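I opened this entry to go through the fold piece by piece.

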Amino acid sequence: MNRRNYQKELEKIISRCGERQPTVLLHSCCGPCSSSVLEYLTQFFQVTILWYNPNLYPEDEYVRRLETQKELLEKMGLAEKVHLLTEPWKSEEYYGAVAGCEEEPEGGKRCEKCFRLRLEECARIAKLHGFDYFCSTLTVSRHKNAVLINTIGEAAAQKAGISWLPSDFKKRDGENRSVELSEKYGIYRQVYCGCEFSLRARQQPKREIPAEQEGTGSE
Ligand code: SF4
């Protein structure tokens, strides 16, 4: 069993930062998730956001979430301080990466491949531009497996020859803070994870739950 505390590991790195703020390329999955992460990380790092989310579907949604990211940076007063690197919508990269796993449930193999695709690209760009670290907002969500994300991040780091910044942003009440900040700034909050398959699952009529199974906490 993995007993690592990724938040503590991050705090240890922060405690060694000193005067010079290290640079970090932060993969952002969406504006709302990035809000509390930006509030926290910009205290200690020079943050640049990478917008690489070829999983998003349809293209209008990709554009809308990207615009929301920009709006958030403006409203948080970070538009000057935090640079934003964007990649065009390359859905073929996503479909290629998850081929054969389309019917997997959310949280299964398809998501693992989706994380890997985005984190490996972030590692590649971070190495190319000489960042000290790269990391992702993905660990802010309680619906996403932080151990898996950190494991994939570390493997991507090793492959690219750069440092992964460990995180478990939900540990500091990051997810609730993200909701608070999103409401405060009135930004768009999507109701599905992002891909075509998660949209379809969201649109399916909810299965009737027998009374004795209600309230189990699963989404
Ligand atoms: S459900 Fe979310 S994490 Fe999983 S494959 Fe779809 S977009 Fe990626």
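Before placing anything, I note how elements are named: helices (H or I, at least four residues) and strands (E, at least two) are DSSP runs, numbered from the N terminus.

**Confidence.** I am working with a predicted model. I looked up the pLDDT and got a chain average of 93, with 94% of the residues scoring at least 70. Residues 209-219 fall below 50. Beyond near neighbours in sequence, I find two contacts for that stretch in the model.

**Backbone.** Next I checked the peptide bonds. Tyr57 and Pro58 are joined by a cis peptide bond, with omega at about -10 degrees. Then I turned to phi. Asp173 has a positive phi, near 60 degrees, and is not a glycine. I located Asp173 in the loop between strand E5 (163-164) and helix H7 (174-185).

**H2 against H3.** How do the axes of H2 and H3 cross? I took helix H2 (residues 31-41) and helix H3 (residues 59-75): their axes come within 9 Å and cross at roughly 30 degrees. Angles under 35 degrees count as roughly parallel, so I log H2 and H3 as roughly parallel to each other. Their crossing is right-handed. From H2, I listed Gly31, Ser34 and Ser35. Across from them, H3 brings Arg65, Thr68, Gln69, Glu71 and Leu72. By class, I count one nonpolar, five polar and two charged residues in the contact of H2 with H3.

**H2 against H7.** H2 also packs on H7, at an angle of about 110 degrees and with the axes 8 Å apart. That angle makes H2 roughly perpendicular to H7. On the H2 side I noted Pro32, Cys33, Ser35, Ser36, Val37 and Glu39. On the H7 side I noted Gly174, Arg177, Ser178, Leu181 and Ser182. The contact of H2 with H7 holds four nonpolar, five polar and two charged residues.

**Ligand shell.** Which residues surround the ligand? I read off Asn55, Glu106, Arg110, Cys111, Cys114, Cys193, Gly194, Cys195, Phe197 and Ser198. I sorted the shell into five nonpolar, three polar and two charged residues. Which helices each supply at least two of the shell residues? I find helix H5 (109-128) and helix H8 (196-203). H5 gives the most, with three residues.

Note on methods
Residues numbered from 1 in each chain as written. Predicted model: local features only at pLDDT ≥ 70, side-chain atom pairs only at ≥ 80, totals over all residues. Near = placed C-beta within 6 Å. Nonpolar A, V, L, I, M, F, W, Y, C, P; charged D, E, K, R; others polar. Axes fitted to C-alpha atoms, helices over the stretch in contact; angles between N-to-C directions. Parallel < 35°, antiparallel > 145°, perpendicular 65-115°, else oblique. Left-handed = near helix turned anticlockwise from the far one by under 90°. Contact = placed C-beta atoms within 7 Å. pLDDT = per-residue confidence, 0-100.
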